[in-house]
Amino acid sequence: MEKGFLFKDVYNNQLVGNMASNIVKSWGEFNTSSFVNAIISKLKPLSLSERSQLICTELFNHLPASYPKALAILINSIAEENNTTDKKEIEGFYYMPIASYVSQFGLQKEDFHLSMKALKEITKIFTSEFAIRPFIRKYPEETLEYLHLWTTDENAHVRRLVSEGSRPKLPWASPLKEFQKDPSPVLKLLEKLKEDEELYVRRSVANNLNDIAKDHPDLVIKTLNRWNRTNNKGTQWIIGHASRTLLKQGHPKALELLGFPQNVQIAVNNLSVNTPTCQLGNEIEFSFEIQSSSANKQNLMIDFIVHYMKANGRTAPKVFKLSKKSIPANGSICFKKKISFKPITTRKYYLGQHEIEIQINGRRYGKVSFVVE
C-alpha cells in the first residue's frame, strides 16, 4: 500500500470505472457514463462506508427496476471482475456495495431465495456477514434454514458466514438483539461447526461464543464443558479462544475448564513500581514475585490489572494478559513488566493516581499505586 493511502480510497475512479465496464458486459443498456459521473463527482469528502453506500445507491438508480433482473446482471458482473488478473486483496471491497445492494433491495418475500443464493456467491469472494443480518431480523426461521444448510458447504467462506453472520455482537454492525436475549439458535449452528477443518471457520466460532459469553457466561461454560469431551484438536482450540473474556473476568468455571483452578497455594510478594511518579509520555516498570507453598506443581494464569484514572476522577480497571506458567513445588517465579503512557489513538490517559493489581487464576493479589503527572 502506498504511503499516504487512505483506506477509503479503495473506492476510487478506477474501481467505479471497472464496475461500470463489468456491468455493461452483462447488460448492454447500462449507462456507464451516467453511473460513473454520478459517483466520482461526490466521492472525495465521503468516508469508506459512505462511498460504498453511494455506489450501492447508484447501482439501484441505473439497473432495471426488476430486482431479479438487476441481481442477475450484478452476479454476472461479479464473474467478470473475479476473472480479472493481478488483483490486490484490498480490492475485495469492490464487492461490498453489491452485497449492500442485496441486503437493501432484496428483502421482499418473493426475492428472499434469490437474495440468499446471491449472498452465498458473494461471500466466497467478499464476506456477506453484514449483508445477511437484515434477513436474519426479517426472516429468522427461513434464514436459519439456509445457515444450517451451509454448515456443511464445501466452501470455507460459506461455512464461516454461518458463524460470523449470526454473531450477536458483530463488530461494526448493529447487534442481533433476539440472539442476545436467546442465543440457543446460534448455538445450534455452532454445534455443527465445532470440528470444522479450517481455522478460519473455527476462529469465527470462537469469536461468536465469546460474544455470547458477555451476556450468557454460564450457558457458554456449559457448552464448552460439553465440547471438552470431543477428541478434536480444533475443538480444543475453540474452547481456549472462546473463553478469553471469561478468563479476563476471572470466571472460576472457565479457569477450571482450562486447567487453572482457583484454590492454588501461592503468595504474591514484593509488588512494586520502579518510580512513584510517571511523566505523561513515559513508561513505568513494575515487578513482583510469586511464591508457591504447595508440594505439587501448579498451573497459573497470570494477569495484571491497571486501574486507569478517568476523566470523572475515578479509576476503571483494564485487564491485561501476562503469562501462563507452571510453578514448581515450593518454587518461585519473578516478573517484570513495563507499561507505557505514550499517547495512542485507542486510549486517552488522564493525570492522577493509578494502580496496578495482580490477578492469578481469577483471584487478585496485592495492589500498588503510582501517579501520572
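**View 1. The hairpin of β4 and β5.** Five residues lie between the strands of the hairpin formed by β4 and β5, and G313 in this hairpin has a positive phi near 85°. The model shown here and in the views below is predicted. Strands β4 and β5 (residues 315–327) run antiparallel and are joined by twelve bridges. Within this pairing, I302 is placed opposite S323 of β5.

**View 2. Strand β4 and its surroundings.** Strand β4 covers residues 298–309, and eleven of its twelve residues are buried, so the strand is largely enclosed by the rest of the structure. Besides the twelve bridges to β5, β4 has six bridges to strand β7 (residues 352–360), again in the antiparallel sense. V306 has I356 in β7 as its bridge partner.

**View 3. The open sheet of five strands.** The strands follow the order β2-β8-β7-β4-β5, and the pairing in this open sheet is mixed. The edges are taken by β2 (277–278) and β5; each has a single partner strand, so one side of each is left without a neighbour in the sheet. T277 stands opposite V371 of β8. The antiparallel pairings in the sheet include β4 with β7 and β4 with β5.

**View 4. Two asparagines with positive phi.** Most residues other than glycine have a negative phi. N270 has a positive phi near 55°, and N361 has a positive phi near 50°. Where do the two residues sit? N270 belongs to strand β1 (residues 266–273), whereas N361 lies in the loop between β7 and β8. Their accessibility also separates them: N270 has a relative accessible area of 60% and is exposed, because the cut-off for exposed is over 50%. N361, at 0%, is buried, because buried means under 20%.

**View 5. S115 in helix α6.** S115 is a residue of helix α6 (residues 112–123). The relative accessibility of S115 is 0%, so this serine counts as buried. Which residues does S115 contact, leaving aside its neighbours within four places in sequence? They are Y67, L71, V102, G106 and F135.

**View 6. Where domain 1 meets domain 2.** The domain assignment divides the chain into domain 1 (13–258) and domain 2 (266–372). The centres of domain 1 and domain 2, taken over C-alpha atoms, are 39 Å apart. Four residues from domain 1 and seven residues from domain 2 take part in the contact. About 500 Å² of area is buried between the two domains, and carbon and sulfur atoms give 64% of this area. On the side of domain 1, L247, K248 and L255 supply 85% of the area buried against domain 2, more than any other three residues.

View 7. How many residue pairs are in polar contact between domain 1 and domain 2? The count is two, both at pLDDT 80 or more.

Key. Residues are numbered from 1 along each chain as its sequence is written. This is a predicted model: local features need pLDDT of at least 70, side-chain atom pairs count only at pLDDT 80 or more; totals for chains, interfaces and linings use all residues. Side-chain values use heavy atoms; hydrogens and water are left out. Buried means under 20% relative accessible area, exposed over 50%, partly exposed in between (1.4 Å probe, protein chains only). Helices (H or I, at least four residues) and strands (E, at least two) are DSSP runs, numbered from the N terminus. Two strands pair if DSSP finds at least two bridges between them. Domain bounds come from an automatic or database domain assignment. Contact means heavy atoms within 4.5 Å. Buried area is the accessible area (1.4 Å probe) that two parts lose on being put together, summed over both. A polar contact is a pair of N or O atoms within 3.5 Å; within protein, one must be able to donate a hydrogen and the other to accept it, and residues adjacent in sequence count only if both atoms are side-chain atoms.
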